[in-house]
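Here is a short briefing on one protein structure. Look at the sequence and the model before reading on.

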Amino acid sequence: VDLALPDAEGSDVVRRLHEVAPHATIVVLTGREDDALQLSAAQTGAQDFLQKGRLTAAGLSRALRFAVERARLFTQIQSLVVQSVDATVVVGLDGIIRFANPAAERLLQRQPGGLVGERFGFPVASGAETEIALVTEEGPRWAEMRVAQIEWMGEAAHLATLRDVTDRRRAAELQARLVQAARLAPSGQLS
């Protein structure tokens, strides 16, 4: 795609094209030599950025092959995160959610896109594994949370992975009550 079109210009072209065809592989072809524009185009979905004055047939062929492969790999990785049954949340160092997968939206009972921009509300420490209590419409739930330090969009952040352990916790509590009841029954303390 050329970044100088009659009805759009710059990275707006890439953004609009990505909205219309989100799975398309986008390679930008322009006569402008602008590092900021290249970065902006990449951040809005372009797989590569080529300059018209420096382009050869072999270079174009190679760039297109690599762009298609990068897009394929990106789609595979995105599918892993989106389809995961574990909640995945990227939290900035300021405590604000930058990304949440559908499992996180379900676990935290939010509409699609409803977590991004919100305060996470749980302490995050890289390398830590904790169990957190969640207040939900159906009653309390528990999640095991693991946190890793990552870089997200050029900034330090935390990757929090949450696994719903409510059923496991309830089963352990029931087992503890049954063990207690079994101990009390022979002595006649259980009625």
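Predicted model: local features only at pLDDT ≥ 70, side-chain atom pairs only at ≥ 80, totals over all residues.

Residues are numbered from 1 along each chain as its sequence is written, and side-chain values use heavy atoms, with hydrogens and water left out.

**Largest pocket**

- A pocket is an open set of points on a 1 Å grid over the protein atoms alone, where a 1.4 Å probe fits, with protein on both sides within 12 Å along at least five of seven lines; lining residues have an atom within 4 Å of a point.
- The largest pocket holds about 830 Å³ of space.
- Its lining has 27 residues, and His 18, Gln 43, Gly 45, Phe 74 and Gln 78 are the closest to its centre.
- By class, that lining has 15 nonpolar, 10 polar and 2 charged residues (Ala, Val, Leu, Ile, Met, Phe, Trp, Tyr, Cys and Pro count as nonpolar, Asp, Glu, Lys and Arg as charged, the others, Gly among them, as polar).

**Second largest pocket**

- About 180 Å³ of space lies in the second largest pocket.
- Among its lining residues are Ile 97, Arg 110, Phe 120 and Thr 136.
- This lining divides into 8 nonpolar, 1 polar and 3 charged residues.

**Salt bridges**

- The count comes to 11 salt bridges (a side-chain nitrogen of Lys or Arg within 4 Å of a carboxyl oxygen of Asp or Glu).
- Arg 98 and Glu 155 meet in one, at 3.9 Å, N to O.
- Glu 144 and Arg 146 form another, at 3.6 Å.
- Glu 129, Glu 144, Arg 146 and Arg 168 are linked in a network of salt bridges.

How values were computed:
Points joined across faces, edges and corners; volume = space filled by probe spheres on them.
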